[in-house]
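Below is a set of questions and answers on a structure.

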Amino acid sequence: MKPDDQRPEEEWFHALFATLRHAAERQGADLTQTTLERLRAREDDPRFMPPRLDGVLREMAAQVVDAWLALVRRGGPRSKPGPGSPSPPTEDER
Amino acid sequence: MPPLGAPWAFFSVALGVARSVDERTLVRRARAGDTAAFAQLVEAHQSWLVNLLTALVGRRADAEDVAQGTLVKAYYALPRFRGDASFRTWLRRIATNEAFNWRRRRREVLVTGERPPDRPVPSGYAALEALDALMVVLDSLPYPYREALVLRHVEELSMQQIADQTGIGLSAAKMRLKRAREQFVEVYRGLGVVDEAG
């Protein structure tokens, strides 16, 4: 079966695979209904998150991270002491 | 060139453009959630898709299952389809990834000992028909080799297209196809099948 000198390897393989190449012409397929049913079943699943929403959430998370990194690059967030924060040390304490 | 070459060529190009514009419209509508438009895309590509996946996974029933998974994945990935390549090229990439994942899952099942219904082991290789022999040999190859052979000889892609499709360099793609052919020939010769292609 080895492709011989008269018959280049490329041509030999091409001839051998002809049956697979033409299989679609002999046998059609009908996946439309089943595919749409699968889509509906998936979207009915309570755990399902539509990719568009997933994409929006990812985008928002990326923006928060970018904003935080930009803040850090500028020298970190300025922290103002909140109501429950310890007061800064006095001269005597230092 | 025959005298009618130019007009026919123009007609053919115009038809191709019209078809691709139509497909772009369908993709745009499907992306917006129009399932009827998506159904039309499925109808246009399903036979080709099942054929490709039969070559990649073996059994037609498995191929149809993987094809449905591919189409569902494609539907949700439509917002990311930029339209740089044709819809079919884009779908082919999803299909080959799905086929790869299917093969990996199947191997895991085999390792755990739950053997799924498989292609019946042929009793006499010499009696195999060409297509059966071809599928038996393809089943024996590692997935990347099988994929390279299918993309080249079933999908009839150029080496550059295979490289783009599989995400490897051109020389790596050529090397992969060369090794795939060598391994294919070795197994095929071992079956003792009469050379149908010769």
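Q: Does Val72(A) count as buried, partly exposed or exposed, and which relative accessibility decides this?
A: In this predicted model, Val72(A) lies in helix H5 of chain A, which covers residues 51–73. Buried means under 20% relative accessible area and exposed means over 50%, with partly exposed in between. Val72(A) therefore counts as partly exposed, its relative accessibility being 41%.

Q: Which residues make the nonpolar surface patch of about 370 Å²?
A: A residue needs over 30% relative accessible area to belong to a patch, and Val72(A) has 41% relative accessibility. The nonpolar patch of about 370 Å² is made by Val72(A) together with Val65(A), Trp68(A) and Leu69(A).

Q: How many helices and strands does chain A have, and what share of its 94 residues is buried?
A: The elements of chain A run α-α-α-α-α from the N terminus on, which corresponds to five helices and zero strands. Chain A exposes about 7,600 Å², with 54% supplied by carbon and sulfur atoms. Of the 94 residues in chain A, the buried share is 17%.

Q: How many helices and strands are there in chain B, and what share of its 198 residues is buried?
A: Chain B reads α-α-α-α-α-α-α-α from the N terminus on, with eight helices and zero strands. Among its contacts with a separation of 6 or more, 63% are between residues 24 or more positions apart. Of the 198 residues in chain B, the buried share is 43%.

Q: What is the phi of Glu156(B)?
A: Most residues other than glycine have a negative phi. Glu156(B) is placed in the loop between helix H6 (143–153) and helix H7 (159–166) of chain B, and is partly exposed at a relative accessible area of 46%. Although Glu156(B) is not a glycine, its phi is positive, at about 55 degrees.

Q: What kind of aromatic pair do Phe38(B) and Tyr75(B) form?
A: The search of the whole structure finds twelve aromatic pairs over all chains. For Phe38(B) and Tyr75(B), the ring centres are 4.8 Å apart and the planes stand at 65 degrees; an angle over 60 counts as edge-to-face. The pair links distant parts of the chain, 37 residues apart, with Phe38(B) in helix H2 and Tyr75(B) in helix H3 of chain B. The pair is therefore edge-to-face.

Q: What kind of pair do Phe81(B) and Trp90(B) form?
A: Phe81(B) and Trp90(B) are both buried. Their ring centres lie 4.8 Å apart and their planes stand at 40 degrees. Planes under 30 degrees apart count as stacked and over 60 as edge-to-face, so the pair of Phe81(B) and Trp90(B) is tilted.

Q: How much area do chain B and chain A bury between them?
A: The size of an interface is often given as the accessible area lost when the parts come together. Here 41 residues of chain B are in contact with 33 residues of chain A. Carbon and sulfur atoms carry 64% of the buried area, which is about 3,700 Å².

Q: What is the N to O distance in the salt bridge of Glu10(A) and Arg152(B)?
A: Across the interface of chain B and chain A, five salt bridges are found. A salt bridge needs a side-chain nitrogen of Lys or Arg within 4 Å of a carboxyl oxygen of Asp or Glu. The side chains of Glu10(A) and Arg152(B) meet this rule, with an N to O distance of 2.9 Å.

Conventions
Residues are numbered from 1 along each chain as its sequence is written. Chains are lettered from A and ligands numbered from 1 in the order in which they are written. This is a predicted model: local features need pLDDT of at least 70, side-chain atom pairs count only at pLDDT 80 or more; totals for chains, interfaces and linings use all residues. Side-chain values use heavy atoms; hydrogens and water are left out. Patches are made of residues with over 30% relative accessible area and no salt bridge: like charges are joined within 9 Å, nonpolar side chains (Val, Leu, Ile, Met, Phe, Trp, Tyr) within 5 Å. Accessible areas come from the Shrake-Rupley method with a 1.4 Å probe; for residues, only the protein chains shown count as cover. Helices (H or I, at least four residues) and strands (E, at least two) are DSSP runs, numbered from the N terminus. Buried means under 20% relative accessible area, exposed over 50%, partly exposed in between (1.4 Å probe, protein chains only). Rings of Phe, Tyr and Trp (its six-membered ring) pair if their centres lie within 6.5 Å; planes under 30 degrees apart count as stacked, over 60 as edge-to-face and the rest as tilted. Contact means heavy atoms within 4.5 Å. Buried area is the accessible area (1.4 Å probe) that two parts lose on being put together, summed over both.
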